[in-house]
Amino acid sequence: MVKLTDHGVFLKDGKVFDTADISAAEARKNTVAYSILKSHNKSGNDEDLKIKFDALVSHDITYVGIIQTAKASGLKKFPIPYAMTNCHNSLCAVGGTINEDDHVFGLSAAKKYGGIYVPANQSVIHSYAREELAGCGKMILGSDSHTRYGALGTLGVGEGGPELVKQLLSNTYDIKSPEVVLVYLTGAPKKGIGPHDVAIALVGATFGCGFVKNKILEFTGPGLKNLSIDFRNGIDVMTTETTCLSSIWETDEITAEHYAAHGRPEDYKKLTPTGTAYYDSMIEIDLSKMESMIALPFHPSNAYTIHEFLENAEEILAKVEQEAKEKFGKANYDLRSKIKDGKVLADQGIIAGCAGGMFDSIDEASAILKGGSTGNGYFSLSVYPTSVPVSLELTKIGVTADLLSAGAVIKPSFCGPCFGAGDVPANNGLSLRHTTRNFPNREGSKPGDGQIAGVALMDARSIAATARNGGIITAATDVDYEYTPHKYSFDKSVYEKRVYYGYGKADESAELILGPNITDWPRQYELADNLLVKLAAAIHDPVTTTDELIPSGETSSYRSNPLRLSEFALSRRVPEYVGRSKAIAATEAARREGDAPEELMNVLSKVGNADELIGNTQFGSCIFANKPGDGSAREQAASCQKVLGGFANICYEFATKRYRSNCINWGILPFTLDKDTKFEYEVGDYVFVPSIRKAIEDGKEEFPATVIRADGRTEELTLYVKGLTPDEKEIILDGCLMNYYKNHSEI
């Protein structure tokens with residue numbers, strides 16, 4: 001289904017060649033990705049890019065912190081369209097006002113700074129961007145990792161909040177020119193195959209080997225014409241799970257129809273590779289060979305065909321149970337109890353969000369379920385259309401009625417099922433979801449309390465087939481149904497009645513409305529001459545997700561309160577981390593007051609004259625993980641570490657650029673190790689890095705360090721920080737991005 005080619009290829013007239021009569025350097029300028037990056041690059045250098053975006057998007061987990069940071073850095077008005085959607089904290093906070101307080105703050109900020117405000121349940125973030133902001137040849141930056149609008153001819157990039165702050169202050173997004181990977185589509189999907197089937201197969205083939213990490217995927221090929229725009233969008237949004245930087249698709253008349261249907265025909269233009277184009281590697285996807293897929297807990301790359309899974313369920317589910325045991329200890333996950341008479345039963349089906357809640361997927365799911373029943377047993381089905389316009393059209397054509405008649409529950413536009421808010425299954429439950437992720441606890445369980453459930457990703461079509469069979473997992477290709485696609489009609493009037501369109505209408509006199517949970521960031525200090533960190537967590541899993549660094553779900557209510565949110569840091573992976581970090585931070589506070597504890601003096605005496613070092617050696621906590629940062633773009637995965645007194649991460653590599661950027665923007669040194677270095681140190685051990693400030697100032701990338709073991713032994717260690725841009729160096733030296741802007745107020 002998916003074939004990887006790990007060497008450069010040329011594309012000319014829609015055909016792939018290994019060689020061409022043009023150099024790779026010249027031919028790479030003929031990719032669609034290159035042309036868009038070039039038109040947005042302000043550096044004048046094709047290798048070191050300084051990008052300015054056309055629009056920004058955030059949701060209500062991130063926009064409060066972004067605006068507060070930008071305000072503290074001198075924000076006067078939004079320089080480009082900035083849409084703030086309310087699709088993550090849409091649920092009320094039982095016994096409190098804090099979620100709605102954030103929404104009121106968002107509207108007040110839109111009025112003050114000239115923003116676009118999308119009220120709760122009107123649209124999920126990426127649906128609104130597709131409907132209202134995307135345009136062929138544009139670039140959009142979002143504070144959500146699934147910021148992907150490539151199928152609409154728009155390069156979307158998901159980053160942490162500080163990168164949006166830079167854009168709000170008219171600065172740039174600085175990256176090295178990324179490699180571009182050709183995704184060559186052939187064939188046509190058979191009946192019952194949906195975008196999630198293709199996406200899961202793609203993620204399964206590329207994630208583990210890092211084939212497209214921090215690269216741009218460029219989709220083209222003869223199979224393109226066989227995919228609707230929703231089908232393309234459904235694949236595109238999932239490219240985030242491959243760890244690529246962004247994605248872009250060749251555009252055609254199907255793309256043009258999308259813009260015409262949304263009343264913006266002028267935003268369409270033909271995008272296609274020109275002449276002979278060079279790509280650094282290639283992925284071939286034969287759509288005609290695609291099978292119904294399932295991604296089992298606890299990652300979208302844990303991919304199988306549904307048929308393969310059902311044939312080997314006992315063995316495969318035993319592996320998932322073992323992983324759960326290793327991750328969660330006392331929580332006993334019994335998935336094999338789902339196997340009954342050779343069949344596998346699920347407890348729940350969810351079709352939702354930017355991936356599953358699109359018109360085509362719900363339309364076809366309804367056709368599969370029409371005249372059937374989800375049953376009155378343990379299985380339940382919930383459907384969340386991705387926006388009010390989509391929901392309205394589904395209602396007008398009778399799809400909503402058919403789903404309700406079959407036993408489904410229709411819910412408002414909301415991202416909750418993707419990160420563990422709402423629809424939490426029972427203990428030991430298995431939820432099938434057409435959403436973007438199935439990381440641990442994204443279904444809302446709390447293994448630390450002995451509660452555990454899991455999510456398997458499937459396409460809406462197979463979820464509907466499963467619902468029709470009362471929860472018995474079923475591939476949509478195995479059921480007989482009639483389906484004639486409905487043509488989608490977008491009705492913007494619902495947005496015109498509810499959305500606040502404030503771009504270009506900034507009112508400096510408007511007051512920001514701050515609820516009691518919206519607080520400023522605590523003071524951060526510049527980097528000292530020397531650095532001493534103490535390991536507060538050592539995680540040896542192959543990959544550590546941002547969900548483990550800061551859990552999703554119920555924590556989202558505290559996103560606007562840095563101190564309260566930090567209490568959740570690593571709470572489901574290393575529960576002792578917060579207490580350890582606070583103790584380290586208390587020691588640093590005492591040092592700053594001139595009252596350094598004896599323990600700290602003893603440690604410094606192992607590496608020099610403690611009396612001389614104590615005044616210019618910053619002391620903080622540190623996390624070791626093999627490969628941290630897969631998953632969400634939310635900055636809190638890093639900011640919580642800093643709020644708790646974290647000053648460094650040590651790893652072999654960062655799973656994503658966005659997490660590394662978040663660390664840098666919060667003044668956390670992103671140390672890496674040589675792959676052959678064995679990091680066998682434990683919680684309680686110290687790492688001393690002398691003259692770190694001068695080394696960063698001088699642009700050094702290799703740092704000699706000393707490990708002071710808890711028992712007093714010392715060992716030498718080499719750390720690396722590679723590829724810092726000039727601005728990133730200054731941000732680290734200043735202690736964080738906010739300090740950087742304060743110190744460069746003339747910007």
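Guide: What follows starts at the open sheet and then visits other strands and a helix pair.

This is a predicted model, where local features need pLDDT of at least 70, side-chain atom pairs count only at pLDDT 80 or more, and totals for chains, interfaces and linings use all residues. Residues are numbered from 1 along each chain as its sequence is written, and side-chain values use heavy atoms, with hydrogens and water left out.

Start with the sheet. It is open and built from 6 strands, in the order S9-S8-S5-S6-S7-S25. The pairing is mixed. Strands here are DSSP runs of E with at least two residues; helices are runs of H or I with at least four; both are numbered from the N terminus. Two strands pair if DSSP finds at least two bridges between them. The edges are S9 (155–158) and S25 (500–501). Each has a single partner strand, so one side of each is left without a neighbour in the sheet.

Look inside the sheet next. S6 (residues 82–85) and S7 (residues 116–118) run parallel, paired over 3 bridges. Ala 83 has Ile 116 in S7 as its bridge partner. Helix H4 (residues 98–113) packs on this sheet and touches S6, S7 and S25. Contact means heavy atoms within 4.5 Å. The direction of H4 makes about 155° with that of S7. Axes are lines fitted to C-alpha atoms, for helices over the stretch in contact, and angles run from 0 to 180 degrees between N-to-C directions. Helix H6 (residues 161–168) lies across S5 (55–58), S6 and S8 (139–142). H6 runs at about 145° to S5.

Now the helix pair. The axes of H7 (residues 195–206) and H8 (residues 229–236) come within 8 Å and cross at roughly 30°. In H7, Pro 195, Val 198 and Ala 199 meet Phe 231, Gly 234 and Ile 235 of H8. These contact residues divide into 5 nonpolar, 1 polar and no charged. Gly counts as polar in this scheme, while Ala, Val, Leu, Ile, Met, Phe, Trp, Tyr, Cys and Pro count as nonpolar, Asp, Glu, Lys and Arg as charged, and the others as polar.

Turn to S2 (residues 9–12). S2 runs antiparallel to S14 (residues 276–279), joined by 4 bridges. S2 also pairs with S3 (residues 15–17), again in the antiparallel sense, over 3 bridges.

Next, Gly 349, found in S20 (residues 348–351). At 0% relative accessibility, Gly 349 counts as buried (under 20% relative accessible area; exposed is over 50%, partly exposed in between, with a 1.4 Å probe and protein chains only). Leaving aside neighbours within four places in sequence, its contacts include Phe 379, Leu 432 and Ile 463. Arg 433 is 84 residues away in sequence, yet 5.8 Å from Gly 349, C-alpha to C-alpha.

Finish at S28 (residues 617–625). 9 of its 9 residues are buried, so S28 is largely enclosed by the rest of the structure. S26 (residues 530–539) pairs with S28 in the parallel sense over 9 bridges. There, Val 533 has Gly 620 as its bridge partner. S30 (residues 646–651) also runs parallel to S28, joined by 4 bridges. Cys 622 stands opposite Ala 648 in S30.
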